[in-house]
Amino acid sequence: MKRHTPTTIRRPFANYPHAVEVPAGMRLLLLSGQLGIGVDEHVPEGSEAQARVCFANIAAILAEAGGGPGDVVKLNAYVTGREHLPGYMAARDEFVAGPAPASTLMIVSGFSRPEFVVEVEALAVLPA
């Protein structure tokens, strides 16, 4: 995969390219948004802990499909406030394999339950 970050536009705010080019013949895996809730229904407190659960879930889905974190080409993340950005970014930076995927981060008003503060969805590309 080829990353694109033209020098004619502003560099990204964090560790991600502006675009990722996927070669022909790859499989596309679209992951639903993952919330910070474990198999035991436990929702940890704080954005970093919840983001770690989100990324663990994403890793499990990727593994089941025959992939891993390095196959992620796009992350979309949602947090419920600016105060959750540092925690999310810390967990994201641990998960992201180099080179980093394209990325979007949005602040939203909330999720299906008030204890959730982070949701992460991913797009991955796997060998055919």
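Me: In which element is Ser47 found?

Reply: Ser47 is found in helix H1. Helices here are DSSP runs of H or I with at least four residues, strands are runs of E with at least two, and both are numbered from the N terminus. This is a predicted model, in which local features need pLDDT of at least 70 and side-chain atom pairs count only at pLDDT 80 or more, while totals for chains, interfaces and linings use all residues. Residues are numbered from 1 along each chain as its sequence is written, and side-chain values use heavy atoms, with hydrogens and water left out.

Me: Why is Ser47 called buried?

Reply: A residue is buried under 20% relative accessible area, exposed over 50%, and partly exposed in between, with a 1.4 Å probe and protein chains only. Ser47 has 7% relative accessibility, and it therefore counts as buried.

Me: What does Ser47 contact, leaving aside its neighbours within four places in sequence?

Reply: Contact means heavy atoms within 4.5 Å. By that rule Ser47 is in contact with His84, Gly87, Tyr88, Val117 and Val118.

Me: How do you know whether Glu41 is buried or exposed?

Reply: The relative accessibility of Glu41 is 54%, so this residue counts as exposed. Glu41 is placed in the loop between S3 and H1.

Me: Why is Asn15 called partly exposed?

Reply: The relative accessible area of Asn15 is 47%, and on that value Asn15 is partly exposed. Asn15 belongs to the loop between S1 and S2. With neighbours up to four places away set aside, its contacts are Arg92 and Ala100. Tyr16 is placed in the loop between strand S1 (2–4) and strand S2 (19–21), and beyond four places in sequence Tyr16 touches Arg92, Ala100, Pro101, Ala102 and Ser103.

Me: How do you know the class of Glu21?

Reply: With 42% relative accessibility, Glu21 counts as partly exposed. Glu21 lies in strand S2.

Me: What separates Glu21 from Met1 in sequence and in space?

Reply: The two are 20 residues apart in sequence, and their C-alpha atoms are 5.6 Å apart in space. Not counting residues up to four places away, Glu21 touches Met1, Lys2 and His4.

Me: What is the angle between the axes of helix H1 and helix H2?

Reply: Axes are lines fitted to C-alpha atoms, for helices over the stretch in contact, and angles run from 0 to 180 degrees between N-to-C directions. The axes of H1 (residues 47–64) and H2 (residues 85–95) come within 7 Å and cross at roughly 30°. That angle makes H1 roughly parallel to H2, since under 35 degrees counts as roughly parallel, over 145 as roughly antiparallel, 65 to 115 as roughly perpendicular and the rest as oblique.

Me: Which residues of H1 and H2 meet?

Reply: Ser47, Glu48, Ala51, Arg52, Phe55, Ile58, Ala59 and Leu62 in H1 meet Gly87, Tyr88, Ala90, Ala91, Arg92, Glu94 and Phe95 in H2. By class, this contact has 9 nonpolar, 2 polar and 4 charged residues. Ala, Val, Leu, Ile, Met, Phe, Trp, Tyr, Cys and Pro count as nonpolar, Asp, Glu, Lys and Arg as charged, and the others, Gly among them, as polar.

Me: How do you know which strands pair with S6, and in what direction?

Reply: Two strands pair if DSSP finds at least two bridges between them. Strand S3 (residues 26–35) is joined to S6 by 8 bridges, and these strands run antiparallel. Strand S4 (residues 72–79) is joined to S6 by 7 bridges, also antiparallel. Within S6, Leu123 is the bridge partner of Leu30, and Val118 stands opposite Val79.

Me: What makes strand S6 mostly covered?

Reply: Of the 10 residues of S6 (residues 118–127), 7 are buried.

Me: Why do S3 and S5 stand at the edges of the sheet?

Reply: The open sheet has 4 strands in the order S3-S6-S4-S5, with mixed pairing. S3 and S5 (102–107) each have a single partner strand, so one side of each is left without a neighbour in the sheet. The twist from one strand to the next averages 10°.
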